Amino acid sequence: MAVKYEKTRYPGVLVKSVAGRNGDSREKMFVIQYRSPDKRQHMEPCGRSDEGMTAKKAMEIRAERMNGKALPNKERREQERVAKRAEK
């Protein structure tokens, strides 16, 4: 079954309804879709409404990643793992 994303008024920012962390409520999860400076396409979760994320904040994060100011989640996590191994 395909995941249903809804468009927001901000380009490249999608939202889907997910189960809340306490299990009895629904909340919004924001997903950004963009191309990085090296022309690779990314689609990654950005945050949840209960964490204070909004479509506008997601749009700002998307802009940073498109311009190369911030790394995509996968690359950022890999750098953190490498740095943690270097400390040991």
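**Notes on the sheet, the helices and their salt bridges**

1. The side chains of glutamate 78 and arginine 81 meet in a salt bridge, with 2.9 Å from N to O; the term stands for a side-chain nitrogen of Lys or Arg within 4 Å of a carboxyl oxygen of Asp or Glu. Both residues lie in helix H2 (residues 73–87), three residues apart, about one turn of the helix. Glutamate 78 is partly exposed at 37% relative accessibility, and arginine 81 is partly exposed at 43%. Here buried means under 20% relative accessible area, exposed over 50%, and partly exposed in between (1.4 Å probe, protein chains only).

2. A word on the ground rules, as this is a predicted model: local features need pLDDT of at least 70, side-chain atom pairs count only at pLDDT 80 or more, and totals for chains, interfaces and linings use all residues. Residues are numbered from 1 along each chain as its sequence is written, and side-chain values use heavy atoms, leaving out hydrogens and water.

3. Now the sheet. Four strands make up an open, antiparallel sheet in the order E1-E2-E3-E4. At its edges are strand E1 (6–7) and E4, each pairing on one side only. Helices (H or I, at least four residues) and strands (E, at least two) are DSSP runs numbered from the N terminus, and two strands pair if DSSP finds at least two bridges between them. E1 and strand E2 (residues 13–19) are joined by two bridges; glutamate 6 has valine 15 in E2 as its bridge partner.

4. Helix H1 (residues 55–66) packs on this sheet and touches E2, strand E3 (26–35) and E4, where contact means heavy atoms within 4.5 Å. The direction of H1 makes about 25° with that of E3; axes are lines fitted to C-alpha atoms, for helices over the stretch in contact, and angles run from 0 to 180 degrees between N-to-C directions.

5. The structure holds six salt bridges. In one of them, arginine 48 pairs with glutamate 27, the closest N and O atoms being 2.9 Å apart. Arginine 48 is in strand E4 and glutamate 27 in strand E3, so this pair ties together parts 21 residues apart in sequence. Arginine 48 is buried at 18% relative accessible area, and glutamate 27 is buried at 8%.

6. What do the side chains of glutamate 44 and arginine 65 meet in? They form a salt bridge at 2.1 Å, N to O. Glutamate 44 lies in strand E4 and arginine 65 in helix H1, so the pair ties together parts 21 residues apart in sequence. Both glutamate 44 and arginine 65 are buried.
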